[in-house]
Amino acid sequence: MSAESAALSSRRIEVAGGLARVRARIDSARRAAGRVDEVTLIVVTKRFPAADVDLLADLGVTDVGENKEQEARAKYAVVQSRERLRLHFIGQLQSNKAGAVAQIADVVHSVDRAKLIGALGRHRGPMGRPLDVLIQVSLDGATGRGGALPAEVPRLAGLVAGQEWLRLRGVMAVAPLGADPDRAFADLRTVSDAIRAEHPEARWISAGMSADLEAAVRHGATHLRVGTAILGTRASLG
Ligand SMILES: *Cc1c(COP(=O)(O)O)cnc(C)c1O
């Protein structure tokens with residue numbers, strides 16, 4: 001075996017192991033919560049190479065997440081080459097990058113202001129199929145790290161619903177640093193319930209990462225975004 005293929009096969013064993021452990025955690029959390037509905041695992045591939053995206057697809061992963069426009073674009077060729085792979089954009093998004101993201105993402109989780117909604121809608125039209133959108137909610141009363149305040153969410157949801165090429169799917173949040181994730185995700189559930197009263201189809205809740213996915217499942221998360229627990233520790237941003 002060449003050194004290159006040996007490295008590939010050891011990475012495959014490592015990632016397959018991480019994936020199996022996380023799937024087992026999700027299964028037992030679903031059982032504990034008495035959930036019989038589907039929970040979608042999004043593997044967050046940021047700062048890992050495109051070869052890992054390919055490997056994940058080989059291992060049956062159908063959803064990957066990226067948080068930077070440039071990196072998402074760099075991995076898009078792999079995503080496109082795999083029939084069943086969906087690309088989720090989960091990072092803070094500047095309006096001037098919205099056009100590029102609207103053209104490559106299947107889902108954008110991080111919509112938190114009106115300007116972004118217009119830009120995504122405009123650039124998605126030419127693609128000829130709608131873009132799935134989640135409103136990101138800030139759960140700590142600040143918006144510096146992205147996310148709209150809960151009071152703003154109904155208005156933003158209405159704006160998304162009014163766009164021909166955007167499909168309002170629900171809400172997303174990251175548990176605030178140091179906060180009790182059960183408390184945070186219970187709050188997110190409350191925001192989700194309010195949105196669903198107006199927009200019944202907007203039933204996705206994107207919540208839960210490597211450290212707190214069990215709490216997210218307890219509070220109704222339909223989508224989990226997991227990186228470290230599957231792929232290992234990311235290289236620092238330097
Ligand atoms: C990086 C990231 C994740 C994954 O975090 P892990 O702790 O590595 O599982 C999830 N959501 C968002 C928004 C992220 O940026």
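Modeller: Start with a term: buried means under 20% relative accessible area. This is a predicted model, so every label rests on computed values.

Colleague: Which residues of H3 are called buried?

Modeller: Glu-69, Glu-71, Ala-72, Lys-75, Tyr-76, Val-78 and Val-79. Each is called buried because its relative accessible area is under 20%.

Colleague: What covers the buried residues of H3?

Modeller: The cover includes helix H2 (50–58), strand S2 (63–66), S3 and helix H4 (95–104).

Colleague: How do you know that the span of H3 agrees with its 13 residues?

Modeller: Helix H3 covers residues 69–81. At 1.5 Å a residue, H3 should span 18 Å. Its end C-alpha atoms are 19 Å apart, so the two agree.

Colleague: Where is the kink in H3 centred?

Modeller: On Lys-75, with a bend of about 45°. That angle lies between axes fitted to the seven residues ending there and the seven starting there. Lys-75 is also one of the buried residues of H3.

Colleague: Now the pockets. What makes a residue part of a lining?

Modeller: An atom within 4 Å of a pocket point. The largest pocket holds about 780 Å³ of space. Of its 36 lining residues, Lys-46, Arg-145, Val-174, Met-209 and Arg-225 are the closest to its centre. The lining has 16 nonpolar, 12 polar and 8 charged residues.

Colleague: Which element gives the most to the lining of the second largest pocket?

Modeller: H1, with 4 residues. That pocket has a volume of about 460 Å³. Its lining has 6 nonpolar, 6 polar and 9 charged residues.

Technical notes:
Residues are numbered from 1 along each chain as its sequence is written. This is a predicted model: local features need pLDDT of at least 70, side-chain atom pairs count only at pLDDT 80 or more; totals for chains, interfaces and linings use all residues. Side-chain values use heavy atoms; hydrogens and water are left out. On a 1 Å grid over the protein atoms alone, a cavity is a set of points where a 1.4 Å probe fits but cannot get out, and a pocket is an open set with protein on both sides within 12 Å along at least five of seven lines; lining residues have an atom within 4 Å of a point. Grid points are joined across faces, edges and corners, and a volume is the space filled by probe spheres set on the points. Ala, Val, Leu, Ile, Met, Phe, Trp, Tyr, Cys and Pro count as nonpolar, Asp, Glu, Lys and Arg as charged, and the others, Gly among them, as polar. Helices (H or I, at least four residues) and strands (E, at least two) are DSSP runs, numbered from the N terminus. The expected span of a helix is 1.5 Å times one less than its number of residues. Buried means under 20% relative accessible area, exposed over 50%, partly exposed in between (1.4 Å probe, protein chains only). Contact means heavy atoms within 4.5 Å.
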